[in-house]
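Here is my note on this model, in numbered points. Please read it beside the coordinates.

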Amino acid sequence: MGQVRQPRRVRARDGELGTAVAQAQDGDEAAFAVAYRMVQPGLLGYLRGLVGDDAEDVASDAWLEIARDLGRFKGDGAGFRGWTSTIARHRALDHLRRQRVRPQAGGTDQDVLNLAGPHNTHEQALESLSTERALELIRGLPRDQAEAVLLRVVVGLDGPAAARVLGKRPGAVRTAAHRGLKRLARQLGIGNEAEEDVTDGAYRALGKSA
């Protein structure tokens, strides 16, 4: 089975993020703002998949905790994404317990789910879809698959980091993300290609590059 690969765009920026976090830990407020701007879009998209319209409130609570505990963080840029995602998930689950509702699968920012990109056979099919349709497809995934896709594709975590956030084995998260992307690809009419092409096509449906 093919593996879901971390987007190159995220990997390329993790060095910059790690530098900003280190400077923020030394008291540089401007560097903290840089780290916030780099992490917030994916974090907010992930939270929308869990708590829907309450995502911004939950994100605010999460960032208060992140700022408070920043000095305790140890790691690089990729590690910071995982650490902040774990905090955000805990705040989301607390919120859901207070609201006594079940997590909603899917539902991310339109900015995160912009369609289209370089043109090829897959892209031509995907360009005919609206962002609303992409959201609808993600909402239809089983929760474990939806959350794995959100962490891997939207937040940009690798398999082990996503597994730590979810408290699962890396293999289980990779499988859930792959199955979710494969299901999305099939619904988009690109399910007859090789498995790697299927998941790559679903990545592009979410406006990402593998």
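1. Surface first. The accessible surface of the protein is about 10,300 Å², with 44% of it on carbon and sulfur atoms. Areas are from the Shrake-Rupley method with a 1.4 Å probe.

2. Basis. This is a predicted model: local features need pLDDT of at least 70, side-chain atom pairs count only at pLDDT 80 or more, and totals for chains, interfaces and linings use all residues. Numbering starts from 1 along each chain as its sequence is written, and side-chain values use heavy atoms, leaving out hydrogens and water.

3. Elements. The protein has ten helices and zero strands. Helices are DSSP runs (H or I) of at least four residues, strands (E) of at least two, numbered from the N terminus.

4. Burial. Of the 210 residues, 50% are buried, meaning under 20% relative accessible area (1.4 Å probe, protein chains only).

5. Contacts. Take those with a separation of 6 or more: 69% join residues 24 or more positions apart. A contact means heavy atoms within 4.5 Å.

6. H3 and H4. The axes of H3 (residues 55–69) and H4 (residues 77–99) come within 9 Å and cross at roughly 130°. Axes are lines fitted to C-alpha atoms over the stretch in contact, with angles from 0 to 180 degrees between N-to-C directions. That makes H3 oblique to H4, as angles under 35, over 145 or from 65 to 115 degrees have other labels.

7. Their interface. Val58, Asp61, Ala62, Glu65, Ile66 and Asp69 of H3 meet H4 residues including Phe80, Trp83, Ile87 and Arg91. The contact residues divide into eight nonpolar, two polar and four charged.

Key
Ala, Val, Leu, Ile, Met, Phe, Trp, Tyr, Cys and Pro count as nonpolar, Asp, Glu, Lys and Arg as charged, and the others, Gly among them, as polar.
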